[in-house]
Amino acid sequence: MLQAHVRGQRHAFAELLRRHNDHLWQTALRTSYTREDAADSLQDALLSAHRTAASFRAEAEVRSWLHAIVVNACLDRIRRNKIRKAVSLTAETMPEPRDDRDAVAELEMSLVVDHALFSLPPDQRTALVAIDLEGYSVAEAAAMLGVPEGTIKSRCARGRQRLQERLEFLRDPGNRK
């Protein structure tokens, strides 16, 4: 199969790997410290074997030649890891993701905005909620509330103005991060 690969037979190397894959994987696992290193080393070894197949001298069996390439790839990775420490990124070793948001501050802000919103007259509040929070168009909000579109626009404008006045203190840079 290796000679067929060297001659250019398309699927010869894949067949060779199919025959020896289990043995090569077990060799990589036994030689490496982690499964990730074993997988990376096996991949490196198979690429090397694919590239250097023409240099195989048939002094040993193909299985022994592949075995040696896998062991050498594993040892190379072990040496590299001593110089440049690698950390496995499995779920068990990964720290919890940092959450830069402050849940308590978000809750406090929500309460402040809700308080300001509920201090508005009901007609302004319902218009603002329909348009700005629920995402209805002016025409849809007018139909739902049974008033002309111009009334919805003016209620929203007046409500936004009052909210801005009541929440102006939040613009103070001292109230932000």
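Me: Why is Phe169 called partly exposed?

Reply: Buried means under 20% relative accessible area, exposed means over 50%, and partly exposed lies in between (1.4 Å probe, protein chains only). Phe169 has a relative accessible area of 44%, so it counts as partly exposed. You will find Phe169 in the segment after α8. Helices such as this one are DSSP runs (H or I, at least four residues), strands are runs of E of at least two, and both are numbered from the N terminus.

Me: What sort of model is this, and how are residues numbered?

Reply: This is a predicted model, where local features need pLDDT of at least 70 and side-chain atom pairs count only at pLDDT 80 or more, while totals for chains, interfaces and linings use all residues. Residues are numbered from 1 along each chain as its sequence is written, and side-chain values use heavy atoms, with hydrogens and water left out.

Me: How many helices and strands does the protein chain have?

Reply: There are eight helices and zero strands in the protein chain. Buried residues make up 27% of its 177 residues.

Me: What makes the nonpolar surface patch that includes Phe169?

Reply: Met109, Val112, Val113 and Phe169 make this patch of about 300 Å². To join a patch, a residue needs over 30% relative accessible area and no salt bridge; nonpolar side chains (Val, Leu, Ile, Met, Phe, Trp, Tyr) are joined within 5 Å, and like charges within 9 Å. Phe169, at 44%, is partly exposed.

Me: Why is Ala116 called buried?

Reply: Ala116 has 4% relative accessibility, so it counts as buried. Its place is in helix α5 (residues 103-118). Ala116 touches Leu163, Arg166 and Leu167, not counting residues up to four places away in sequence; contact means heavy atoms within 4.5 Å.

Me: Is Ala141 buried or exposed?

Reply: Ala141 is at 0% relative accessibility, so it counts as buried. This residue of helix α7 touches Ala130, Ile131, Tyr136 and Ile152, again leaving out residues up to four places away in sequence.

Me: Why is Ser32 called buried?

Reply: The relative accessible area of Ser32 is 10%, so Ser32 is buried. Ser32 lies in the loop between α2 (12-31) and α3 (35-51). Among the residues that Ser32 touches are Asp37 and Cys74.

Me: What makes a group of residues a nonpolar core?

Reply: A nonpolar core is a set of buried Ala, Val, Leu, Ile, Met, Phe, Trp, Tyr and Cys residues joined through side-chain atoms within 4.5 Å. In the largest one, of 17 residues, those touching the most other members include Leu24, Trp65 and Leu66. Helices α2, α3 and α4 (62-83) each supply at least two residues of this core, and α4 gives the most, with six. A second, separate core of 14 residues includes Ala142, Val147, Cys156 and Leu167. In soluble globular proteins, nonpolar side chains tend to be buried together.

Me: How many disulfides does the structure hold?

Reply: The structure holds zero disulfides. A disulfide is a pair of cysteine sulfur atoms within 2.5 Å.

Me: Which helices hold Asp44 and Arg77?

Reply: The side chains of Asp44 and Arg77 meet in a salt bridge (2.8 Å, N to O). The pair links distant parts of the chain: Asp44 is in helix α3 and Arg77 in helix α4, 33 residues apart. Asp44 counts as partly exposed at 31% relative accessibility, whereas Arg77 is buried, with a relative accessible area of 15%.

Note on methods:
Areas by Shrake-Rupley, 256 points an atom, 1.4 Å probe, with all protein chains shown as cover. Salt bridge = Lys/Arg side-chain N within 4 Å of Asp/Glu carboxyl O.
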